Amino acid sequence: MEQHRLKEHPILPVPESDLVTFYWNRAPLTAQRDEMISSALIANGIHVFGHHHKDGTAQGIFCANGQCAKCTVIANGIAVKSCMVAVQENMMVESADGLPKLPEDVAALEFAPIEEIETDVLIIGGGPSGLAAAIQIAAYNIKTVLIDDKNELGGKLVLQTHKFFGSEEDSRAGTRGHEIGKILAAEVLNLDSVDVWLNSTALFVFSDKKVGIIKDGIYKLVSPKCILNAAGAREKFLRFPGNNLARIYGAGAFQTLVNRDLVRPTERLFIIGGGNVGLIAGYHALQAGIDVVGLVEAMPACGGYKVHADKLARLGVPIYTSHSILSANGTESVESITITKIDSAFKPIAGTEQTFSCDTILIAVGLDSLSEFTIEAEQAGIPVYAAGDALEIAEASSAMFNGKISGLKIAKAMGADAPDIPQDWYDKAQVLKSHPGAIKGYHDNPSPEGIYPIIHCLQEIPCNPCTTVCPTNSIHTENGSLMALPMYSGSCIGCGKCVLICPGLAITLVDFRNDKDFPTVTMPYEIGNYPVLVGDEVRVVDIVGNELGFYPIVNVTTNKAKLTQLVRVKIPQSCARQAVSFSVQEPAISEPMAATVLPQRLADDAMICLCERVTVGEVRKLIKSGISDLNQLKAITRAGMGPCGAKTCEVLIKGVLREEGIPITDVVPNTKRPVFIEVPLDRFPGGK
Ligand code: SF4
Ligand code: SF4
Ligand code: FES
């Protein structure tokens with residue numbers, strides 16, 4: 001069967017194949033050794049993993065993070081989340097069609113003692129904040145157990161192939177996220193006082209102050225004196241007709257497939273959400289050679305950094321602001337998407353619908369903090385701290401910094417002789433989590449002579465590596481702060497370091513020295529699957545993708561350390577300073593279909609609870625009848641009673657309650673019950 005895998009990537013090394021055989025519905029397939037079942041199936045072109053027991057509709061992955069239950073398959077006779085279980089040689093994997101049968105095995109279980117471990121600190125989550133905290137805590141030799149549910153440390157950093165924002169000093173700005181993940185992971189694995197447990201999921205913080213953890217399939221109890229919840233966040237889902245089709249992914253799932261597992265899950269992607277997550281995912285798709293048909297954002301402007309949005313627009317991806325998805329169309333899997341313009345009340349404007357052919361829809365409409373462990377620890381009376389996305393949703397650069405602060409707080413709380421947290425740490429943490437600020441105009445550029453950078457970064461964002469990398473100190477921010485806009489004034493020597501380090505790809509270098517009328521403009525370029533050669537005439541564009549003309553490439557160099565190409569293009573003086581990049585994606589890719597597909601179903605026919613296949617309309621009817629208790633809604637409809645434990649639908653149900661005018665303070669929340677994920681019952685007796 002054809003393998004849908006990346007054969008090359010401009011940033012990530014593609015390892016040699018190490019294949020094993022497994023069986024899908026009895027047919028032999030190959031997988032990369034140790035990859036997750038879901039990735040192996042998608043690499044083999046299989047996107048429908050089963051059919052729902054209630055309505056027979058198709059199921060495929062959504063989160064690839066163990067948080068939903070859409071990717072369930074039967075592996076060696078047991079129902080498992082295919083995104084969390086690795087393929088084994090000769091594994092028999094079957095689609096989950098209807099309700100899985102209980103395994104035949106009825107052998108009596110042997111009871112054995114459950115291992116109990118005492119520790120000073122338990123860190124739940126080995127992502128940017130958990131790792132940064134562990135490093136701080138270890139400086140005081142405090143006994144720590146750090147757990148992560150994946151088979152490697154790094155959390156979301158593993159998925160980030162782009163350079164980070166922030167400052168070089170505090171958040172390794174200019175270094176790619178996955179490299180930062182490796183650096184932090186290596187440091188933590190070398191710490192004597194930190195015991196790292198991979199493949200380990202926290203299940204619940206019990207009232208007897210013990211934390212139940214499944215480690216490599218074995219149940220253990222950990223008694224910590226203090227907990228740091230660094231478990232991250234889960235992705236929000238969205239209501240629209242067709243939202244139960246296969247091939248609708250969260251951004252994290254998409255990045256997991258493409259950037260962690262080097263699987264190519266789609267040929268034509270459409271993105272919902274113009275925050276940083278959606279914008280970056282679009283860039284990652286282009287780096288993987290995937291066509292990005294378009295991106296919709298409901299607000300009048302993208303909420304993510306302007307440099308990210310500009311980068312996508314320049315490469316040729318249309319961004320539809322004040323637009324929303326009307327429906328996902330298809331039989332079992334996504335075949336097209338219909339979008340519509342929306343008014344200021346977010347209502348669709350009739351007659352503005354457009355349908356685009358695509359095979360996958362990526363949803364990036366925000367994240368919800370994983371706050372369960374914090375609440376449970378508080379109820380149990382264990383001192384608890386939170387960091388990273390589990391504390392508040394922000395960039396990973398901010399997560400690393402607030403992890404560092406939490407680590408020092410914990411060290412102090414544990415009685416270590418640690419200094420007070422410097423005020424400037426709090427100040428920096430505040431800046432690093434800032435939302436993007438004002439958009440301003442270009443600074444005046446010097447006259448057309450010599451060589452100097454043009455800075456196309458016009459929005460206040462917490463970032464400044466361009467100022468610290470310059471050997472001649474020629475770039476500084478307007479008022480010296482991290483948030484302020486960078487500007488050039490000085491004596492550029494044309495070293496190109498600012499162009500290479502800029503995570504926004506927002507600096508060009510204009511060189512008038514050889515030819516005033518036709519200067520060369522140096523542009524950063526990272527989309528290796530659209531290779532460029534000297535002599536190519538490229539479609540040069542301005543900051544937001546407007547065409548300036550076709551001009552020739554005169555030089556291409558690759559910086560091996562930064563994995564960025566510097567492409568020099570000869571451009572007339574009249575537009576050289578507006579030139580930022582060149583477009584690579586053909587406009588034809590983003591053409592709407594000739595015939596618009598209008599949804600046959602109403603908006604309230606969309607699923608609100610995917611696990612139990614409950615529609616928005618069913619829930620709305622009950623809310624209109626006066627019910628605002630999530631437990632009652634659950635008891636009547638089963639919405640929230642599915643295997644994900646309401647992780648996906650609770651937020652959506654609260655959205656309908658809000659729409660019906662019920663203040664969130666009047667809503668009775670779902671009663672949360674152990675455990676965090678599904679666990680086979682035989683794991684509990686005897687710690688096996
Ligand atoms: S090219 Fe080099 S010298 Fe010129 S502004 Fe950029 S970093 Fe400074
Ligand atoms: S121009 Fe400077 S501040 Fe703006 S994104 Fe690039 S490195 Fe960051
Ligand atoms: S979506 Fe999982 S319980 Fe509702």
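Helix α2, which spans residues 128-138, is mostly covered, since 11 of its 11 residues are buried. Buried means under 20% relative accessible area, exposed means over 50%, and partly exposed lies in between, with a 1.4 Å probe and protein chains only. Among the buried residues of α2 are P128, G130, L131, I135 and A138. Helices (H or I, at least four residues) and strands (E, at least two) are DSSP runs, numbered from the N terminus.

This is a predicted model, in which local features need pLDDT of at least 70 and side-chain atom pairs count only at pLDDT 80 or more, while totals for chains, interfaces and linings use all residues. Residues are numbered from 1 along each chain as its sequence is written, chains are lettered from A and ligands numbered from 1 in the order in which they are written, and side-chain values use heavy atoms, with hydrogens and water left out.

### The chain as a whole

The chain is divided into domain 1 (19-101 + 237-363), domain 2 (115-233 + 369-432), domain 3 (451-585) and domain 4 (603-666). These bounds come from an automatic or database domain assignment. The centres of domain 3 and domain 4, taken over C-alpha atoms, are separated by 50 Å.

In secondary structure, the chain has 16 helices and 35 strands. The radius of gyration is 26 Å, close to the 26 Å that the globule rule gives for 688 residues, so the chain is as compact as a globular protein of that length. Here the radius is taken over C-alpha atoms, and the globule rule is 2.2 Å times the number of residues to the power 0.38. Along the principal axes, the C-alpha atoms fill a box of roughly 85 × 70 × 55 Å.

Of the 688 residues, 56% count as buried. Among the contacts in the chain with a separation of 6 or more, 66% are between residues 24 or more positions apart. A contact means heavy atoms within 4.5 Å. The chain exposes about 28,000 Å², and carbon and sulfur atoms supply 53% of this area. Accessible areas come from the Shrake-Rupley method with a 1.4 Å probe; for residues, only the protein chains shown count as cover.

The chain carries 61 positive and 76 negative charges, whose mean positions are 1 Å apart. Lys and Arg count as positive and Asp and Glu as negative, whereas His and the chain ends are not counted. The place of a charge is taken as NZ of Lys, CZ of Arg, CG of Asp or CD of Glu.

### Selected residues

The table gives the relative accessible area of several residues.

| Residue | Relative accessible area | Class |
|---|---|---|
| K209 | 39% | partly exposed |
| R172 | 32% | partly exposed |
| P422 | 30% | partly exposed |
| C502 | 11% | buried |
| S171 | 1% | buried |

K209 is placed in the loop between β11 (200-205) and β12 (211-215). Not counting residues up to four places away in sequence, K209 touches V222, S223, P224, A380, G381 and I382.

S171 lies in helix α3. Leaving out residues up to four places away in sequence, S171 touches F164, F165, G166, I180, S397, M400 and L432. The C-alpha atoms of S171 and E618, which are 447 residues apart along the chain, are separated by 47 Å.

R172 is found in the loop between α3 (168-171) and α4 (177-189). R172 has a positive phi of about 50 degrees although it is not a glycine. S322, also not a glycine, has a positive phi of about 50 degrees, and S322 is found in the loop between β18 (319-321) and β19 (323-329).

P422 lies in the loop between α9 (396-413) and α10 (423-432). P422 and I405 are 17 residues apart along the chain, and their C-alpha atoms are separated by 9.3 Å.

C502 is found in the loop between α12 (497-501) and β28 (507-511). Apart from neighbours within four places in sequence, C502 is in contact with K163 and I507. The C-alpha atoms of C502 and D149, 353 residues apart along the chain, are separated by 33 Å.

Finally, a cis peptide bond with an omega of about 5 degrees joins P674 and V675. V675 lies in the segment after α16 (649-659).
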